[in-house]
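Hi,

Here is the structure I promised to pass on. Have a look, and my notes follow below.

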Amino acid sequence: MYGPRGAMLGSGGVSDGYEVGSKRQRMMESNPYFAVSSGTGNLPYGYAGGFQPPPFPVVRLRGLPFNCTDIDILKFFAGLTIVDVLLVNKSGRFSGEAFVVFAGAMQVEFALQRDRQNMGRRYVEVFRCKKQDYYNAVAAEINYEGIYDNDYHGSSPPPSRSKRFSDKDQMEYTEILKMRGLPFQVTKSQIVEFFKDFNLIEDRVHIACRPDGKATGEAYVEFVSAEEAKRAMSKDKMTIGSRYVELFPSTPDEARRAESRSRQ
């Protein structure tokens with residue numbers, strides 16, 4: 001059901017050949033972390049009487065290489081027990097994000113220590129998320145697959161999901177582009193050089209930072225027009241130094257919020 005971008009893994013980290021959708025369902029029904037009940041009948045021993053179950057053991061990953069597989073994620077978290085990997089698609093295209101469910105809450109704490117470690121040439125962000133975020137991603141994947149599995153009746157195989165839509169082509173453009181995957185030491189002059197074929201000056205480059213002053217690997221650049229920004233998207237996935245850089249249409253409001261966070 002989920003294809004190569006969503007796989008259920010055991011402690012060994014290798015898919016055992018079961019159909020993924022039913023396997024995920026079995027895991028949800030049998031694992032106490034997935035229990036959904038208004039009473040306490042389905043809670044593990046010791047959780048009744050006012051005690052709360054531990055947090056759902058899931059993390060979210062961002063900035064993954066676009067050729068990433070579930071096995072790559074397993075290797076990234078070597079030594080930890082992974083229960084589920086869901087690589088997130090948006091309109092049929094891998095988004096560079098994933099959800100990873102671990103065997104327990106303590107495993108999540110170890111996973112978070114791998115935040116901003118590299119997978120290939122890209123650093124990967126690892127951060128906490130809610131159980132509902134994971135459930136929503138599962139539901140979205142099911143709905144998307146169902147639309148095309150149910151609606152396509154051609155005599156030849158349907159087009160690949162990556163060709164059905166291109167998110168960035170469908171989006172509305174402003175004069176702002178967001179950059180992601182930048183080297184932490186990148187300078188404004190390097191970004192201007194990256195866009196040397198377009199009309200961009202240093203005063204229109206904002207490198208996003210955390211409140212502690214450390215760079216986030218993101219930046220916002222403002223071109224003279226939305227048309228110029230759309231032309232500059234031709235630089236998407238080209239490199240600065242040894243890192244390839246992703247470009248996304250953005251808005252002035254998003255850029256202002258990022259600048260405000262950097263000043264806090």
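Which residue lies over the face of Phe 194? That would be Lys 235, at 4.7 Å from the ring centre. For this, a charge sits over a ring if NZ of Lys or CZ of Arg is within 6 Å of the ring centre and within 35 degrees of the ring normal. Lys 237 is placed over the face of Phe 66, with 4.4 Å to the ring centre.

Before you go further: this is a predicted model, where local features need pLDDT of at least 70 and side-chain atom pairs count only at pLDDT 80 or more, while totals for chains, interfaces and linings use all residues. Residues are numbered from 1 along each chain as its sequence is written, and side-chain values use heavy atoms, with hydrogens and water left out.

Now the overall picture. Of its 264 residues, 45% count as buried (under 20% relative accessible area; exposed is over 50%, partly exposed in between; 1.4 Å probe, protein chains only). Taking contacts (heavy atoms within 4.5 Å) with a separation of 6 or more, 68% are between residues 24 or more positions apart.

On to the aromatics. Rings of Phe, Tyr and Trp (its six-membered ring) pair if their centres lie within 6.5 Å; planes under 30 degrees apart are stacked, over 60 edge-to-face, and the rest tilted. By this rule there are eleven aromatic pairs. One of them is Phe 56 with Tyr 134, a tilted pair at 5.8 Å centre to centre and 35° between the planes. Phe 56 lies in the loop between helix 1 (20-30) and strand 2 (58-62) and Tyr 134 in helix 4 (residues 131-151), so this pair ties together parts that are 78 residues apart in sequence. Both Phe 56 and Tyr 134 are buried. Phe 195 and Phe 198 have ring centres 6.5 Å apart and planes at 75°, so that pair is edge-to-face. Phe 195 counts as buried because its relative accessibility is 0%, and Phe 198 does so at 12%. Ring pairs also join Phe 56, Phe 99, Tyr 134 and Tyr 135 into a cluster.

Glu 218 is buried, at 12% relative accessibility. Leaving aside neighbours within four places in sequence, Glu 218 has contacts that include Glu 125, Lys 178 and Arg 180.

Cheers

How values were computed:
Helices (H or I, at least four residues) and strands (E, at least two) are DSSP runs, numbered from the N terminus.
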